[in-house]
Structures are given as C-alpha cells and as structure tokens.
Amino acid sequence: MSDDPRLPATPDTIAVFTDLNCSFAHVAVHRLHETRRRLGLEGRIWFDFRAFPLELFNREVNARPGVDSEISVLGAVEPDAGWRLWQGPDWTYPVTMLPAHEAVQAAKAQSWAASERLDRALRRAFWAEGRCVSLRHVVLEIAEQTGAVDVDAVAAALDTGSARAAVMAQYDAARDDRVTCSPHVFLYDGTNSANPGIEARWIGGDFGVGYPVVDKDRPEIYDELLTHAASLLPAGSAGLSTAGS
C-alpha cells in the first residue's frame, strides 16, 4: 500500500479529486459512471470521490459568470450529463460546496455505493435542476431521494462537523500542485490523469470574463483508465475494499 495520500487504498478503487461546482468534473464523473457500466465493472471498481474545493484554493466562490460560460461548451461535449443555466435569483446561487462535500464523505462511511449515489445526485441537482446544494435541508433531501443513503447519519455528520476533517485532509493532499485540477483521477499503481481526455483554453479573458474552447476531447481515455484499473485487480476479485476503511 502506497503512503501517497492521493492514491486509493486498494486496487479496486479509483480516487477522483473534484469540486462539485466544476463543469469539467461533471463531465468526468458522468463518463466514469457510464464507462464503468458499459464495461461491466460495476461492483468491481469503485469511485473514491475526494474534495478538490475550488473555494479554498481560490479563496473565493467559483464565479457564476465563469460557470455559466462553460455550460454551453461542456454541455455540447457531454449533453447526457444534465445541464441547465441557473434560473433562480442570484442570491439563491450556492455560495459554498463544503457541506455537500462533507455529505459525500459522510456517506462514504456507510458504503462506496452510498457515497457514489449521493455524489452523482448532488451534481445533477446543481447542474441539471438548479438546486442550492449549499443548504443543509437541500443536501438531506437529495440524500433521501437517492434511496441508498442513511440520511440521519449524514445529518449527524453535518451537524457535528465530523466529516469536515476528511474534506480538509483531501484538500491538504491536493495542495502544492500535487493534484493539478478538478477533475484529477488516480489509480492504485499511480497512473493518473488530470481533466481526462480534454484540453481547453480560454478566449477573451480568464475564467469569469472570457469563454472556454475545447481543443481536444478523447472520451476513450475513460475506457483506458477503467480497463487498466481492472487489470490491477487480483484474479477472481469481486471487490476488495470497504468504504470508510
């Protein structure tokens, strides 16, 4: 087992550093799930979602103008992920993603399946449904709707702050350019890919001023990553790890 805190603890898990308010991560998470399903690896490979909190790295809220400018571009790249421009008043836009990140970590203590389902549901709630996932009651409603999460346990974690330490540990593991962006994927053997398959640049100004252009998109990299992860499994393995271990 590696002592590198960026790497998953067991070969049947893939560490995925992301922010929930990151359009590129929304694409990546959708592709990870869909590729795993298509390759028949559900129940054999699990996703260990880890926080890459942009609000801590940037010391400010992820600016809505920048997020909005990405939606039409990334929505065209992966339309099935679910997208919609924010329809509510500006003051209802999420100001932080930390409670949602904490909820995903709390669900991880229950099972990999619970944390995966909650992570994906929170992303879809924000990106496709325009829900304010900064709010405690919204996070818990989404958890309830997954049908896979012990909502009382997640509520207790939010109320006591018990999952904040995991979020901050993941933030610390990602600092000093050790994790270069959201999303950044790590396999058990150290294989990793930042913003897998996508190369993009900004025109007319940086994030929040200009707009992104995708110069390259190789969705097949997800087949490569998942296939390689499966090759690291012991022969006959049907899943090794337990979430929260």
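Student: How many residues does the largest nonpolar core have?
Tutor: This is a predicted model: local features need pLDDT of at least 70, side-chain atom pairs count only at pLDDT 80 or more, and totals for chains, interfaces and linings use all residues. Residues are numbered from 1 along each chain as its sequence is written; side-chain values use heavy atoms, leaving out hydrogens and water. A nonpolar core is a set of buried (under 20% relative accessible area, 1.4 Å probe, protein chains only) Ala, Val, Leu, Ile, Met, Phe, Trp, Tyr and Cys residues joined through side-chain atoms within 4.5 Å. For the largest one, the residue count is 65.

Student: Which residues have the most contacts inside that core?
Tutor: In soluble globular proteins, nonpolar side chains tend to be buried together. In this core, the residues with the most contacts are Ile14, Ile45, Phe47, Leu118 and Leu122.

Student: What does leucine 118 touch?
Tutor: Contact means heavy atoms within 4.5 Å. Residues up to four places away in sequence are not counted. On that basis leucine 118 touches Ala103, Val104, Ala107, Ile142, Ala143, Thr146 and Val149.

Student: At what angle do the axes of α5 and α6 cross?
Tutor: Helices are DSSP runs of H or I with at least four residues, strands are runs of E with at least two, and both are numbered from the N terminus. Axes are lines fitted to C-alpha atoms, for helices over the stretch in contact, and angles run from 0 to 180 degrees between N-to-C directions. The axes of α5 (residues 112–127) and α6 (residues 136–146) come within 9 Å. They cross at roughly 120°.

Student: Which residues of α6 meet α5?
Tutor: The α5 side brings Arg117, Leu118, Ala121, Leu122 and Ala125. By class, this contact has seven nonpolar, one polar and one charged residues. From α6 come Val139, Ile142, Ala143 and Thr146.

Student: What does histidine 33 contact?
Tutor: Histidine 33 also lies in α1. It is buried, with a relative accessible area of 8%. Beyond neighbours within four places in sequence, its contacts are Phe47, Phe49, Glu116 and Arg120.

Student: How are α1 and α9 oriented to each other?
Tutor: Their axes come within 9 Å and cross at roughly 60°. Angles under 35 degrees count as roughly parallel, over 145 as roughly antiparallel, 65 to 115 as roughly perpendicular, and the rest as oblique. Therefore α1 and α9 are oblique.

Student: Which residues of α9 make the contact with α1?
Tutor: On the α1 side are Ala28, Arg31, Leu32, Thr35, Arg36 and Arg38. On the α9 side are Tyr222, Asp223 and Leu226.

Student: Which elements do the buried residues of α9 pack against?
Tutor: In α9 (residues 221–231), Ile221, Tyr222, Leu225, Leu226, Ala229 and Ala230 are buried. They pack against β1 (13–18), α1 (23–38), β2 (46–51) and β4 (192–194).

Student: Is glutamate 199 buried or exposed, or in between?
Tutor: Glutamate 199 lies in strand β5 (residues 198–203). It touches Val213, Val214, Asp215 and Lys216, not counting residues up to four places away in sequence. Exposed means over 50% relative accessible area, with partly exposed between that and buried. At 45% relative accessibility, glutamate 199 counts as partly exposed.

Methods. Nonpolar A, V, L, I, M, F, W, Y, C, P; charged D, E, K, R; others polar.
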